[in-house]
Amino acid sequence: MQVQHFFGNDLQLTQAGSVPLSSGAELSKQAVCRRLLTNPGSYIWHPEYGAGIGRFVGQALSAEKSEEIRNLIISQMYLEETVARNPEPVINFSVPELNIFQCDILYYFAANKEPVSISFQVS
């Protein structure tokens, strides 16, 4: 178990004033989001950590660029041991507006093959 925290958000408290904890698929979802949204070099002790998806905001999505992004996302997700490799994650992304990158991912939790869905926008 770890503290429940979604990347880019403040810590939340329960009504009793404690910090909620996460485990299982919920913790996996938080770890995947953190890895995808963290810029490489941001963690001083782990400079290779992170995909830095935000760098694609404002870029045109050519076929080559789309394949590069998809490969980056999958390779980073597979660094999380909670992400099952089979079936492979389903990744959809788009640029609905000039300065927004929308990403929707369906993957399977390694422990029990439970489907896990993540959606996020980067602007």
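**View 1. Overview of the chain in the predicted model.** Read along the sequence, the elements follow the pattern β-β-α-α-β-β-β. Of the 123 residues in the chain, 35% are buried, where buried stands for under 20% relative accessible area, exposed for over 50% and partly exposed for what lies in between, computed with a 1.4 Å probe and protein chains only. Among contacts between residues at least 6 apart in sequence, 39% join residues at least 24 apart, a contact being heavy atoms within 4.5 Å. This is a predicted model in which local features need pLDDT of at least 70 and side-chain atom pairs count only at pLDDT 80 or more, whereas totals for chains, interfaces and linings use all residues. Residues are numbered from 1 along each chain as its sequence is written, and side-chain values use heavy atoms, with hydrogens and water left out.

**View 2. The largest nonpolar core and the surroundings of Ile53.** The largest nonpolar core has 26 residues, and those with the most contacts inside it are Leu36, Ile53, Ile73, Met77, Ile105 and Phe120. Such a core is a set of buried Ala, Val, Leu, Ile, Met, Phe, Trp, Tyr and Cys residues joined through side-chain atoms within 4.5 Å. Two or more residues of this core come from each of α1 (24-37), α2 (63-77), β3 (90-97), β4 (100-108) and β5 (115-122). In soluble globular proteins, nonpolar side chains tend to be buried together. When neighbours within four places in sequence are left aside, Ile53 is in contact with Leu36, Leu72, Ile73, Phe101, Phe120 and Val122.

**View 3. The stacked rings of Phe93 and Phe101.** The structure holds two aromatic pairs, which are defined as rings of Phe, Tyr and Trp (its six-membered ring) with centres within 6.5 Å, counted as stacked if the planes are under 30 degrees apart, edge-to-face if over 60 and tilted for the rest. One of them is formed by Phe93 and Phe101, whose rings are stacked at 5.6 Å centre to centre with 25 degrees between the planes. Both Phe93 and Phe101 are buried.

View 4. Lys65 forms a salt bridge with Glu68, the closest N and O atoms being 3.3 Å apart, where a salt bridge is a side-chain nitrogen of Lys or Arg within 4 Å of a carboxyl oxygen of Asp or Glu. Lys65 and Glu68 are separated by about one helical turn, because they are three residues apart in α2. A further salt bridge joins the side chains of Arg70 and Glu88 (2.6 Å, N to O); Arg70 lies in helix α2 and Glu88 in the loop between α2 and β3, so the pair ties together parts that are 18 residues apart in sequence. Arg70 is partly exposed at a relative accessible area of 25%, and Glu88 is partly exposed at 42%.

View 5. Of the three salt bridges in the structure, one brings together the side chains of Glu80 and Arg35 (2.8 Å, N to O). This pair links distant parts of the chain, with Glu80 in the loop between α2 and β3 and Arg35 in helix α1, 45 residues apart. Glu80 counts as buried because its relative accessibility is 13%, and Arg35 counts as buried at 10%. Leaving aside neighbours within four places in sequence, Glu80 is in contact with Ala31, Val32, Arg35 and Tyr49.

View 6. Asn86 and Pro87 are joined by a cis peptide bond, with omega about 0 degrees, and Pro87 is found in the loop between α2 and β3. Lys113, in the loop between β4 and β5, has a phi near 65 degrees, a positive value in a residue other than glycine. Most residues other than glycine have a negative phi, and most peptide bonds are trans. At 45% relative accessibility, Lys113 counts as partly exposed.

Definitions and conventions: Helix = DSSP H or I, 4+ residues; strand = E, 2+ residues; numbered from the N terminus.
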